[in-house]
Amino acid sequence: MITKTIWQHTEVLPQETLKFLKGIAADYAKVKGNVYERYSGPGGLGRLASIYDIMTEMRHCGLREQLKLPSVYYELAVRDAVSDIKGTWGVLKNKIRTLLTANENLSSDDRMYLRTVLKLDAVYAAILKGEAYPMPEKAAGLGMDADHVNRLNNLLRRLTRRYQVKPVAGNSDSFCVSPAGYSYKDHSLYLVSRVPRRRVKLPLKDEKTSTRQIRICIKTGFAVIAIPTEVKGQKHEDYQNTLYIHLGYEHMCTLSSGNIYGEEAGKLSAAKSYRLMEKNRQRRKVQARYQESLALGDEKKADAIKANNLGIEKYDRQKKREQARIESYINAELNRMLETEKPGKIVITKPITIDRAKLKYKVSNRKVAEGPQGYVRKRLAQKCQENGIELVEINSKGTGSVCSVCGAEGKRLEEGFVCESCGFQSAIAFNGARNIEKKYKESGK
Ligand SMILES: [Zn+2]
């Protein structure tokens, strides 16, 4: 089963209702902020496993009464915040693990020790707070002396300080509500209000209902409700083929058969970056003119410039629209590929993770991270799951620079892949896809 979100729109809402929603959302954000403050530090790390203890504390700290926030909102805000905190620790630990792998000054025992303590929240928390802790069994076996352990702990503290991102309460335009906090009647959703036994009515545009936790998102003049729904993945009997796919920047998917899907992906992304770059350049110019007017004491002119040109909102809207256009293109092309090729199995390479050599080239890394590839991978994985297609990821080693005909080391030139040994020439992506096929078949699976 897969959880999908379906969206439900309300009718245009009266000011009073919108004011109520905004008030709840603002308090919801306050509760989250409070939980972040209490539990996102090292002190909270060892306690995140027990949501019940945290909930008990939050129930008795007086904040709920102070805000007069009904518990159907209050308790979900606490839960929401705790899972955010867990998420940021997870991201941080992954980042640190990657850096440990890439750190050439560490021995394999050092890495083993650090990986072990990273897994144990109580031990990790004690190290961060500089407190004594029992040496984990697995680490004790390594026979490290106290000085050495201390040095490693210092490294861990340094990395944590450097890369820890504390969650911050975002804009307060949405909140969650548990099933006890809402009901349906006459095409409307009724939400628990701050007044006992009085519910606030939100007329709906359709008849969808939910029995689970829902999220209310406040828009201009109306609200949108996110309803989680379980969808059963559907297996297609006629999907029998195996596809070997090279995922690329220019062409989204190149198959070892030579078929290509998402041929415009590179052009679309490049055009987007170019337009945004142009926009930024113009904005910097306007900004300079604005500052100049201010410096000259011409406030009227400065205000006019500001009103006409510095609209960050409009800029953000355009940026989002560009992003949405690229994403809908990617989705359409992935759908077209699945419908045309009818795969039962898809073989791709694992994403290239950071390694020692790459750490030195941060700029090109950023290009990879921000490119559409991450999104393509995510959507492909999701669509495979939804359609009962097996997705296999193999190591990319030897699928790039080797000739797919004779196996010799070839050259990846601007005009394509060239093998000087047998004379084979093709697009780099096509040679890559054929190598993926070859490597997978040779692995005997
Ligand atoms: Zn060759």
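In what order do the four strands of the open sheet lie? In this predicted model, the order is S1-S7-S6-S2, and the pairing is antiparallel. Strand S1 (2–9) and strand S2 (174–177) form the edges of the sheet, each pairing on one side only. From one strand to the next, the twist averages 25°. Strand S2 is joined to strand S6 (residues 214–218) by four bridges, the two strands running antiparallel. Within strand S6, Ile214 stands opposite Val177.

Helix H5 (residues 71–102) lies across S2 and S6, and its course runs at about 110° to S2.

A zinc ion is coordinated at 2.3 Å by the SG atoms of Cys403, Cys406, Cys419 and Cys422. The angles among the four donor atoms span 104 to 112°, and the site is tetrahedral. For four tetrahedral donors, the ideal angle at a metal is 109.5 degrees. The spacing of the donor residues in sequence is C-x2-C-x12-C-x2-C. Cys403 belongs to the loop between strand S12 (390–394) and strand S13 (411–413), whereas Cys419 belongs to the loop between strand S14 (416–418) and strand S15 (425–426); the pair therefore ties together parts that are 16 residues apart in sequence. Cys403 counts as buried because its relative accessibility is 0%. Cys419, at 2% relative accessibility, likewise counts as buried.

Salt bridges were searched for over the whole structure, and 18 were found. One of them joins Glu386 to Lys4, with the closest N and O atoms 3.8 Å apart. Because Glu386 lies in helix H15 (residues 373–386) and Lys4 in strand S1, this pair ties together parts separated by 382 residues in sequence. Glu386 has a relative accessibility of 19% and so counts as buried, the cut-off being under 20%.

The closest N and O atoms of the salt bridge between Arg377 and Glu393 are 3.7 Å apart. Arg377 is buried at 16% relative accessibility, while Glu393 is partly exposed at 38%.

A further salt bridge is formed between Glu57 and Arg47, whose closest N and O atoms are 2.7 Å apart. Glu57 lies in helix H3 (residues 51–59) and Arg47 in the loop between helix H2 (42–45) and H3; the two residues are 10 residues apart, and the pair links distant parts of the chain. Both partners are partly exposed, with relative accessibility of 33% for Glu57 and a relative accessible area of 31% for Arg47.

Definitions and conventions: Residues numbered from 1 in each chain as written. Predicted model: local features only at pLDDT ≥ 70, side-chain atom pairs only at ≥ 80, totals over all residues. Heavy atoms only, no water. Donors = N, O, S within 2.8 Å, 3.2 Å for Na, K, Ca; no water. Tetrahedral: all angles 85-135°; square planar, octahedral: opposite > 155°, others 65-115°. Buried < 20%, exposed > 50% of the residue type's maximum accessible area, 1.4 Å probe, protein only. Pairing = 2+ DSSP bridges. Axes fitted to C-alpha atoms, helices over the stretch in contact; angles between N-to-C directions. Contact = heavy atoms within 4.5 Å. Salt bridge = Lys/Arg side-chain N within 4 Å of Asp/Glu carboxyl O.
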